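I set out to look up a few features of this structure and to note each as I went. The entries follow in the order in which I looked.

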Amino acid sequence: MLYNEPNPLEVKVLTKRFELPNSAALETYLSTDGYQAFQKALGMTPEQIIEEVKASALRGRGGAGFPTGMKWSFVPRNSPKPKYIICNADESEPGTCKDRVLMENDPHSLIEGMMIAGRAVDSHAGYIYIRGEYRYLIEVMDKAIDEAYARGILGDNAMGSGWAFHVYTHTGAGAYECGEETALLDSIEGKRGIPRLKPPFPAVSGAWQSPTILNNVETYCAVPAIIRDGGAAFAALGTPKNGGTRLFCLSGHVNKPGVYELPMGFNLLRMIEEVGGGMRNGKKLKAVIPGGSSCPVLKADECDLAMDYDAVAKAKSMLGSGGVVIMDEDTCMVKAMLRIMRFYAHESCGWCIPCREGTTWLRKVLVRFHDGGGRKSDIDLMYDVARNMLGRTFCALGDAAAMPMMSFVEKFRDEFEAHLDGRPCPYEHAHELAAV
Amino acid sequence: MTFSPELEAKFDKFLKIYPPGRQRSAIVPMLLYAQDETGAITSELIAEIARRCGVQPLQVDETVGYYSMLHRKPLGKYHIQVCTNISCLLVGGEELYEHAKKKLGIGNKEVTSDGLFSIEEVECMGACSWAPAIQVNYDFHHEVTPEKLDKLIDDLRALHARAQ
């Protein structure tokens, strides 16, 4: 089901079936081009499949934005080891809720995308790692997988091709860190989700020490359209090097929060106004986190911005996972940062010291600060701790905590200063007053 | 230990779907589904899963400590998980969490004396665009207000009373 009304500005490639009755059913999928891309892929060589994905300029939708076709090309196809196709459905970046609607409304597109990836590297097994909280989606995916087996789409003779491909679901049990690809691999092996040293990258030594393609749900879901209609057609929807559309998750202080599929490069201010329905209660925009809580914050005057990986990177932030968190003028940025840091301190796996200690101390200083016990020197201290975490941790979680911290201090130092000398938070009752 | 036929069937499946010799992979799914049935993770359960996966109990035990959804003590029959992370925070998630604690008279990760409810402040659950959100066990509830939460709790209480 859909949780928000669609918007006329959307360009529906991945979400084109969402409004159909029984959109998740195999019958619906088959009657709307379903599994035709896989059929086409059966007539293509692995090189041709990978070239088509490269031509689409599809970049990983989980957050890092790595070119998908290139990732696939790193897998040693002639390795005597089995190869695995793993789907990261551990969606847990704060602000992000798109993989949920993709699996719920169009589970077969994920299966088909994984099958095509399987063909590209001669793999025979795929695993979908779904976060534990998404139990109902495990049931949705299992049902879709059962349907595909019953129809001979999956199995030892996938669509009569003589090639075997199997797909299984795997449940997580609550851990943000397991969204990090190598931690996910340890987790799927039945261990604590601790990141691995890279290299070797998963393409060479991933799941069960075998070559592995590991992509996000949305990335795989884009693959059928790319193979069916051609990589160039998908690329043309976006901006150079940023192919296609993506699902943006609008949350926070807008009138119509929701998940919307828009072309890459869609202007952020326009997204807030015309897709998100503008700011709630006629308030002014203060800041936006453009791609999930790990991304540096943008001030309102930095938001006239094309939302693609390169343009957002140029603005010194990241497009990330598509979680666009919109904050109005009454938002206390110290409190927002505190909540984000509490998250990272809670989710740090503890494996490496800069992250474990850094997030914990930053949380403690922020708590003290927001409670009115802050010292002026704490502002630079927080910035310094974060700066020293950056690039010095085993995986990206430390960076994910450090980057927003540094940007909040850089861009909203005045708000930190307004909390000094035991003054109560100037925003504490702002939203209540606005409601009166 | 013996489990329901449904859970046994799931266990059989979990032990088959991973590559040969990689049955350790089934540990986390087995723990979570077993906890759903037995209420909590006990040392007896850990030993049983270790036996079935062919690993040492300690190897199972160390995973239990890592994952936030695995609990060593029973939760309430209805485990209310309130998200207060950034997207929910911006639209009243924190107030909702405070309200839930007051309404039930318990704190974080505590259980009401009748065993019916427990509360947990949780991290982002993937409902950011329909915030503030809560989960009751595995069920999502979107755009929750304190009034909606009151009604939900009252309805669950009534449901339980009728079932008695």
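Which residue just after α3(A) takes a positive phi? I found that Ala57(A) does, with a phi of about 55 degrees.

Before going on, I noted that this is a predicted model, in which local features need pLDDT of at least 70 and side-chain atom pairs count only at pLDDT 80 or more, while totals for chains, interfaces and linings use all residues. Residues are numbered from 1 along each chain as its sequence is written, and chains are lettered from A in the order in which they are written.

I then looked at helix α3 of chain A, residues 46-55, where Ile49(A), Ile50(A), Glu52(A), Val53(A) and Lys54(A) are buried (20 or more other C-beta atoms lie within 10 Å of a buried residue's own, with C-beta atoms placed from the backbone). I saw that these buried residues pack against several helices of chain A, including α2 (36-42), α6 (107-121) and α9 (217-229); helices here are DSSP runs of H or I with at least four residues, numbered from the N terminus.

Next I turned to the domains of chain A, whose bounds come from an automatic or database assignment: domain 1 (26-237), domain 2 (245-328) and domain 3 (333-435). The C-alpha centres of domain 2 and domain 3 of chain A lie 22 Å apart, and their contact takes 9 residues from domain 2 and 11 residues from domain 3 (two residues are in contact if their C-beta atoms, placed from the backbone, lie within 7 Å).

Last, I checked where the chains meet, and the contact takes 36 residues from chain B and 50 residues from chain A. On the chain B side, α2(B) gives the most, with 5 residues.

How values were computed: Helix = DSSP H or I, 4+ residues; strand = E, 2+ residues; numbered from the N terminus. Buried ≥ 20, exposed ≤ 12 C-beta atoms within 10 Å, placed from the backbone.
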